[in-house]
Amino acid sequence: MSRGDSSSSSSTPLVPAPDEALIAAIRGGDERALAQLYRLHWPMVSHFVLQNSGSDDDAQDVYQEGVMVFYEKVRDGSLELSCQIKTYLYAVCRRLWLKRLTSKSRFGVRLQEDEDLGPLHHTGAEDDLLAAEEQDRRFTTMSEALDHLGEPCRSLLEGFYLLEKSMQDLTAEFGYTNADNAKNQKYKCLVRLKKLFFAHYKEAPI
């Protein structure tokens with residue numbers, strides 16, 4: 001839910017009405033709104049990346065990733081916007097591009113900034129991006145843990161949690177004598193998966 005006191009006529013809302021309307025449309029699943037968002041702020045991010053040692057392909061990669069961070073926060077209802085959308089997207093894309101530049105350079109990176117956007121530390125973009133990166137890391141780690149789990153545990157857990165099969169169906173599919181035996185095996189597999197997940201998660205670089 002975006003923040004902005006539009007009930008007070010004496011103050012200017014932090015989030016402009018057009019931005020609020022765009023957020024509402026995206027939240028409602030309007031694909032045209034997402035396309036509009038992409039077109040609106042692409043020139044700004046493209047200019048920033050090209051101005052800071054990047055290519056057009058770099059700019060597209062960074063912008064697509066930034067838009068997806070914004071889109072997912074809107075769709076899951078966790079976006080708390082205290083600035084214009086363009087400022088938020090600029091902050092996210094700036095952070096993404098700075099991270100890439102830093103990984104390529106042994107020296108400090110100094111960016112050419114768009115000063116018209118004002119201070120970026122109150123946008124919430126930094127926290128949202130870190131949360132998205134952490135979620136990606138967890139998904140990757142879980143996928144790796146499933147790969148190491150082996151059969152029949154992998155198929156059993158995927159069947160129950162991802163494909164939503166019943167224990168009766170899984171009992172028949174895997175040849176268990178009854179549903180209780182299938183449940184016991186699922187529990188053992190789940191314990192193994194958790195151990196593998198946390199072992200890989202602790203080892204993964206931050």
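Colleague: What makes the contact between D30 and R32 a salt bridge?

Modeller: In this predicted model, the side chains of D30 and R32 meet with N and O 3.3 Å apart. The definition asks for a side-chain nitrogen of Lys or Arg within 4 Å of a carboxyl oxygen of Asp or Glu, so the pair qualifies. The structure holds four salt bridges.

Colleague: What separates E158 from R154 within helix α6?

Modeller: About one helical turn separates them, because they are four residues apart in α6. An α-helix has 3.6 residues a turn, so residues three or four places apart point the same way. The closest N and O atoms of E158 and R154 are 3.1 Å apart, which is within 4 Å and therefore makes a salt bridge.

Colleague: Why are the buried residues of α6 said to line one face of the helix?

Modeller: The buried residues of α6 are C153, L156, L157 and G159. Seen down the axis of α6, they fall within an arc of 160 degrees, so they line one face.

Colleague: Where do the buried residues of α1 lie around its axis?

Modeller: D19, L22, I23 and I26 are buried in α1. They cover an arc of only 100 degrees, which puts them on the same side of α1.

Colleague: Why does Y161 count as partly exposed?

Modeller: Y161, found in helix α6, has 41% relative accessibility; this lies between 20% and 50%, so the term is partly exposed. With L162 and L163, Y161 forms a nonpolar patch on the surface, with about 340 Å² of accessible area together.

Colleague: Which residues have the most contacts inside the largest nonpolar core?

Modeller: They are L37, F70, L81, I85 and Y88, in a core of 29 residues. The largest share of this core, nine residues, comes from α4.

Conventions:
Residues are numbered from 1 along each chain as its sequence is written. This is a predicted model: local features need pLDDT of at least 70, side-chain atom pairs count only at pLDDT 80 or more; totals for chains, interfaces and linings use all residues. Side-chain values use heavy atoms; hydrogens and water are left out. A nonpolar core is a set of buried Ala, Val, Leu, Ile, Met, Phe, Trp, Tyr and Cys residues joined through side-chain atoms within 4.5 Å. Buried means under 20% relative accessible area, exposed over 50%, partly exposed in between (1.4 Å probe, protein chains only). Helices (H or I, at least four residues) and strands (E, at least two) are DSSP runs, numbered from the N terminus. The arc is that of the directions from the helix axis to the C-beta atoms. Patches are made of residues with over 30% relative accessible area and no salt bridge: like charges are joined within 9 Å, nonpolar side chains (Val, Leu, Ile, Met, Phe, Trp, Tyr) within 5 Å. Accessible areas come from the Shrake-Rupley method with a 1.4 Å probe; for residues, only the protein chains shown count as cover.
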